[in-house]
Amino acid sequence: MKLYLKPGSCAMAVHIALEEAELTYEIEKVDLAAKKTESGEDYLAISPNGYVPALVLEDGEVMTEAAAILLYIANLAPEAELAPAPGSKAYFELLSQLVFISTELHKNFSPFFKPNSGDTWRGIAQKNLETRLSLMNERLTSNDYVMGERFSVADAYLFTVLSWAQVVDISLDAWPHLQRFVARIAERDSVQRAMQAEGLK
């Protein structure tokens with residue numbers, strides 16, 4: 001498999017999951033502005049949506065969208081226990097959390113990475129983030145991980161998104177459980193390897 005990514009983007013969640021699952025894969029960085037891969041390929045020919053991640057499977061098919069790819073990896077390597085049993089209530093709770101991270105956290109960080117975002121748009125996103133971060137902080141009050149006592153693909157995604165707070169100068173001081181979560185997940189070997197491979201360490 002090959003993972004196309006931009007260092008530090010949401011694709012890092014997939015990168016971490018691949019490391020956790022101990023699957024065989026390679027990575028290639030993408031210049032999203034130029035829509036070119038590191039080897040000079042036209043990225044739009046690989047993934048017409050033009051953003052990352054994109055995971056090229058063994059049969060040549062291309063899978064996109066971080067949440068979907070994360071579930072695919074979890075199901076591909078059940079021995080890694082990155083997700084509850086498919087079809088169980090816990091599995092659908094994991095799906096719920098992945099959707100929440102994608103639509104309520106990930107998307108509300110987006111305006112801070114776009115130079116043409118106006119103050120009004122960023123202000124709305126900031127308020128939305130504060131509400132959503134408070135909800136996730138509460139969830140982690142008595143749990144080390146999103147799904148309870150065990151690491152899952154949701155933790156890879158949440159860690160990646162929360163890591164953007166420092167990049168865009170948003171303090172997590174108001175959410176101590178999130179701060180501890182980020183520090184704890186950052187120590188995992190899979191995270192260290194992924195960040196080093198992406199040139200973030």
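**Interface between domain 1 and domain 2**

Domain 1 and domain 2 bury about 1,400 Å² between them, with 70% of this area on carbon and sulfur atoms; buried area is the accessible area (1.4 Å probe) that two parts lose on being put together, summed over both. The structure is a predicted model, in which local features need pLDDT of at least 70 and side-chain atom pairs count only at pLDDT 80 or more, while totals for chains, interfaces and linings use all residues. Residues are numbered from 1 along each chain as its sequence is written, and side-chain values use heavy atoms, with hydrogens and water left out.

In the protein chain, domain 1 comprises 2–80 + 190–198 and domain 2 comprises 89–188, the bounds coming from an automatic or database domain assignment. Their centres, taken over C-alpha atoms, lie 20 Å apart. Domain 1 contributes 19 residues to the contact and domain 2 contributes 18 residues (contact: heavy atoms within 4.5 Å).

Eight residue pairs are in polar contact between the two domains, both residues at pLDDT 80 or more. A polar contact is a pair of N or O atoms within 3.5 Å; within protein, one must be able to donate a hydrogen and the other to accept it, and residues adjacent in sequence count only if both atoms are side-chain atoms. One salt bridge is found across the interface (a side-chain nitrogen of Lys or Arg within 4 Å of a carboxyl oxygen of Asp or Glu). Arg188 and Glu20 form a salt bridge through their side chains, at 2.8 Å from N to O.
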